Amino acid sequence: MPNEPFAPAEQPVDKPFRKTGEAAISESPLHPRRESRRIMVGPVPVGGGAPVSVQSMTNTLTANVPATLQQIAELTAAGCDIVRVAVPSQDDADALPEIVRKSPIPVIADIHFQSKYVFQAIDAGCAAVRVNPGNIRKFDEVGPSICQAATDAGISLRIGVNAGSLDKDLYAKYGGPTPEALVASALKEARMFEDVGFHDFKISVKHHDVITMVETYRLLASKGDWPLHLGVTEAGPAWQGTIKSCLAFGALLAEGIGDTIRVSLSAPPVEEVKVGCKLLEYMGLRQRKFDIISCPSCGRAQVDVIQLAEAVTAGLKDVTAPIRVAVMGCIVNGPGEAREADLGVASGNGKGQIFIKGKVIQTVPEDQIVETLLSKAQEIAAQMEADGQVPVNATGPVVVPIQHPGH
């Protein structure tokens with residue numbers, strides 16, 4: 001039954017969260033951003049033209065506070081803006097106050113089934129709560145109280161549906177987790193909140209299939225101005241999940257759809273954040289940070305480009321200065337690409353030409369290429385650091401180890 005609309009809570013954040021994403025860009029060079037209303041997750045704005053934020057979720061037992069805080073610290077260092085923690089038990093709920101108090105980024109409590117944990121998470125000071133109305137027991141009865149508690153605390157909620165948890169009636173009506181079924185479920189949940197005057201929520205409609213996911217978010221985006229949380233659910237192992245997430249997010253972000261993202265990988269959470277941050281960089285939605293350009297292996301290459309690129313990437317994994325390093329293996333594209341980078345090498349005939357800012361500074365034997373590049377990169381990074389050109393939340397390159405036969 002509809003109640004009187006809740007008055008928005010004006011409540012300042014009372015802890016000094018580290019400000020993340022200051023180098024982010026809110027407008028896409030490809031397409032105007034979809035107009036959505038803004039909500040806050042602690043100090044991080046979501047929607048309303050705010051920079052697209054990167055989220056991840058801890059995989060520790062939340063009740064293990066030291067382990068959870070350690071992982072949150074690692075996620076923060078990788079560039080994560082918002083972190084979600086699972087709250088399936090009373091012990092996990094009891095751990096929330098300390099985690100919230102010590103986390104450098106906003107904490108979202110992820111809650112299913114037990115509504116009492118929602119209220120406990122709000123009392124613990126969580127920046128937001130993820131709830132699934134479809135699996136909260138007696139949600140029709142507790143939903144208005146959840147909205148009131150969130151309003152009183154000045155926090156936001158996330159609602160939405162995954163393909164695997166679609167309402168049985170909607171599954172039967174639409175013949176499965178189709179875009180129409182997922183959007184119908186999301187709209188039903190949104191109305192539950194809006195009917196009692198609560199609007200500080202974002203929506204997710206996740207699916208494991210890229211095409212279905214994209215079609216679902218497009219359809220939902222046309223139905224209202226809610227901020228949207230993008231995700232490909234159960235995307236799979238790191239290699240497969242990265243491809244699926246980049247395809248889906250790239251398609252939607254290129255159309256201006258999406259306000260916050262979570263790359264879901266069967267991999268350490270830090271890898272999710274690295275992929276998410278790089279994806280936004282390459283979409284022009286975050287300023288470029290550290291980047292390595294390397295040519296593919298081909299018959300023209302006169303050096304082992306794979307080994308060379310691997311060695312340089314691994315050697316620079318801790319560099320966070322926003323420099324572009326080109327590792328090129330032949331004389332066709334090598335000099336041009338190396339010249340355009342901050343630092344580069346064009347290799348061939350047993351030697352490498354080292355470029356800095358477009359100029360050849362020296363030529364070294366092939367066995368000295370890696371050593372020279374690493375040394376020059378460190379010098380450039382140190383100078384940029386001294387000049388204040390390195391953002392506080394800058395991250396290193398995404399390093400994907402390649403297993404060679406016999407290793």
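Two strands are taken to pair if DSSP finds at least two bridges between them. Helices (H or I, at least four residues) and strands (E, at least two) are DSSP runs, numbered from the N terminus. The structure is a predicted model, in which local features need pLDDT of at least 70, side-chain atom pairs count only at pLDDT 80 or more, and totals for chains, interfaces and linings use all residues. Residues are numbered from 1 along each chain as its sequence is written, and side-chain values use heavy atoms, with hydrogens and water left out.

An open sheet is formed by 8 strands in the order E8-E7-E6-E5-E4-E3-E10-E9, with parallel pairing. Its edge strands, E8 and E9 (229-230), each pair on one side only.

| Strand pair | Bridges | A bridge partner pair |
|---|---|---|
| E6 (residues 128-131) and E7, parallel | 3 bridges | Ala128 and Ser156 |
| E7 and E8 (residues 201-206), parallel | 6 bridges | Val161 and Val205 |
| E9 and E10 (residues 260-262), parallel | 2 bridges | Leu230 and Ile261 |

Strand E7 (residues 156-162) is largely enclosed by the rest of the structure, because 7 of its 7 residues are buried. Buried means under 20% relative accessible area, exposed over 50%, and partly exposed in between (1.4 Å probe, protein chains only). In a regular strand the side chains alternate between the two faces of the sheet. Both faces of E7 are covered: Ser156, Arg158, Gly160 and Asn162 are buried on one side, and Leu157, Ile159 and Val161 on the other. From E6 the chain reaches E7 through helix H4 (residues 139-153), in a right-handed β-α-β crossover. Right-handed here means that, with the strands pointing away from the viewer, the path from the first strand over the helix to the second runs clockwise.
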